[in-house]
Amino acid sequence: MRIEARGLAVRLRDGRELLSGVDVAVAPGAMLAIAGPSGAGKTTLLEELATGHPAGTIGFVPQDDIVHLDLPLARTLGYAARLQLPAGSPRAEVEAAVARVLDALGLEQLAGQRVGSLSGGERKRASIAVELLTRPRALFLDEPTSGLDPAAAARLLGVLRELTGSGTTVVLTSHNPSDLAHADEVAFLMGGRLLYQGPSAQLPAAFGVISIEEVYGVDPATVVPVTAAEPTTREPVEESAPGAAFAPVGAVRQWWLLTRRSTAILTHNRLSAAVAVGSPLMIAVMFAMLFRPHAFAPGSDNPGSSAMIMFWIAFGAFFFGLTYGLLQICTELPIVRRERRTVLRLGPYLASKLTLLLPVLAAANALLLLVLRATDRLPGAAASVYGSLFVTTLLASASALTLGLLASAAVSDPGQATLMLPLLCFPQVLFSGAFVPVPQMGAVGSGLSWAMTNRWAYEALGRGIGLDTLWAHGSSPLGPPLLASYGRTFTGSAAEGWAWLGGYGLLFLAGAWLVLARKCRRTGR
C-alpha cells in the first residue's frame, strides 16, 4: 500500500494549527519514521495518514497497550481475532491467524503466559500482533519504542523491518534519534511543518548540523524544507494483496464475544473476583451487626431504626452497582479506542458490561436481604413483599452501575475513577431523604433530591415494606410524629420508584454511549 498526503492541514476549532501544508509519501513496503520535537505534530500526522482506509486494510498501534493484561496472550489474541476477522470465520481459521502472528513476532513461547507478566517489549509486540491478525497492508505505530531499553527497542524495530520485507508498509513516530537509522526514510516535523523527508543519514546536513541530536535544536525559520522527489523503497517488495471487503461481525455476535471476554477477564483477576464476591457478604454482615433485631415489630420503641435499615439497604445496592461499574471502561479505554477504529460497536460493548455484572449484582442484593431476614433485621412477610424489595434493590444497583459506567467513560485513568467514588456517593446520602426527610428540606435540597437515584430506591423500599402502615399503627408514641415528618414519602406504590430508577439507568447508559463515542473519534478538527 502506498501512503500519500498532499497539502495536509489540520486546525482545531479554536484556530490553532496542528499541521500546515504537509506533503508526504511512503512507498509500498517501505518504513517511514516521523520525527520531531515534542508538540511538532507527529501523532497528528500519523493519525491523519491512518484515517479513511477500509476496515482490515491497516493496523494502528497507539502508545498504550491494546491487549488485556489479565488473560493469557494466546487467549486475548483469540478474542481479538474473533472480533476482527470476517463474520462466520471458522475456529480453525481463527486459531491459524493467532498462530501465524505469534510466530511472526517470536511470541510462540509466551502464548500461555499472562500478558501482564510480559516485559514492556514483549507487550508491545503483543499489541502489534493484535493488528497483524487481519494481514494489514499498512501498519501505523505511535512511539512503539517508548519506554523500552535500547536492546528491546532494536529488537522491535528489527521485527518491523521484517514486516516490510513481506510488503507491509510501516509508518511510525519516534522521539528517539537512534530509531531513525532503521527506517528507509525520515519525515521531520517542526511546528506542524514538514521540513525534511529523506534518508536519515542526510538529515543533519539538511539542517546544517553534524548529528541528528542537534537537529532538534535548530530554529525552523532558518531551514529550507527538503523532501525527496520520490520516496525510496526496498527491493524486492512483495506487495500485499488488495484488502477485500468483508462482512464484519454482527451486533449480537459482538455482544456475545465481548461478554465472554469480560467474564474471562473478571475470573482471571483473582483480586477483582474476590472483591466482587466478598464485599457484598462483608457489607451484609456489618449491617447485621449495626442494627438490633425486631426493629419492625409493632411494639418497637425506636421506629426510626426501620427507616435507617431501609436507607442502608438502598445505599448498599447503590454502592454495589457504582463500584462494580467505575473501573469497567477506564481500565481498557485504549483497547476500546483501537477496536472502535475498525469493528467495535458501542451498543454491544456496553450491553456486555450489563450482561456480566447484573447477575452478580442480583446475587449480591439477594444475599443482603437474606442475611438481614435471617438475623431478624427485616420482618417476616409475604413473598410478594420480598419480591418488591428485591426488584427495588436490583433496579437501584442497575442505575448505579450505569452511573458508574458513565463516570468510567468520562475519566482518563483508574486513579480519577477512584476519586469519583466519594463525590458520587456523598450527595446520594445527603439528599436521599433518610436523614432529612424530603418535606423538611430547603427548596434547593428538595430539588436536588429528584436527581438522586438513592431517594427513589429508599422510597420504593419503604413503600414495599409498608413503613407508613407500621408507624401509623405501632404502639410507640414516636410513630405518628415520625410519620408526619416524612409526609407522603412512603405512601403509594413502589412502582413509582422503579420507573424513576429505570429512567435514570437508561439516561446514564445513553450518556456513557455519547461520552465513549466522543472519546473514540477525533474531535475539534
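**Close-up views of a predicted model**

H11 gives the lining of the second largest cavity its largest share, three residues. The model is predicted, so local features need pLDDT of at least 70 and side-chain atom pairs count only at pLDDT 80 or more, while totals for chains, interfaces and linings use all residues. Residues are numbered from 1 along each chain as its sequence is written, and side-chain values use heavy atoms, with hydrogens and water left out.

**View 1. Lining of the second largest cavity.** Three cavities of 30 Å³ or more are found in a search of the whole structure; a cavity is a set of points, on a 1 Å grid over the protein atoms alone, where a 1.4 Å probe fits but cannot get out. Lining residues, which have an atom within 4 Å of a point, include Ile66, His68, Arg261 and Glu339. Helices H2 (73–84) and H11 (333–340) each supply at least two of the lining residues; helices (H or I, at least four residues) and strands (E, at least two) are DSSP runs numbered from the N terminus. By class, the lining has five nonpolar, two polar and three charged residues (nonpolar: Ala, Val, Leu, Ile, Met, Phe, Trp, Tyr, Cys and Pro; charged: Asp, Glu, Lys and Arg; polar: the others, Gly among them).

**View 2. Aspartate 70 in the loop between strand E4 (58–61) and H2.** Aspartate 70 counts as buried because its relative accessibility is 17% (buried is under 20% relative accessible area, exposed over 50%, partly exposed in between; 1.4 Å probe, protein chains only). Its side chain makes polar contacts with the side chains of arginine 114, at 3.5 Å, and asparagine 269, at 3.4 Å. A polar contact is a pair of N or O atoms within 3.5 Å; within protein, one must be able to donate a hydrogen and the other to accept it, and residues adjacent in sequence count only if both atoms are side-chain atoms.

**View 3. Helix H10, residues 304–326.** The end C-alpha atoms of H10 are 32 Å apart, in agreement with the 33 Å that its 23 residues should span at 1.5 Å a residue; the expected span is 1.5 Å times one less than the number of residues. H10 is largely enclosed by the rest of the structure, because 18 of its 23 residues are buried.

**View 4. Helix H16, residues 453–465.** From first to last C-alpha, the 13 residues of H16 reach 19 Å, close to the expected 18 Å. Of these 13 residues, 13 are buried. Glycine 466 follows H16 and has a positive phi, near 80 degrees.

Note on methods: 1 Å grid on protein atoms, 1.4 Å probe; cavity = no way out; pocket = protein on both sides within 12 Å on 5 of 7 lines; lining within 4 Å. Points joined across faces, edges and corners; volume = space filled by probe spheres on them.
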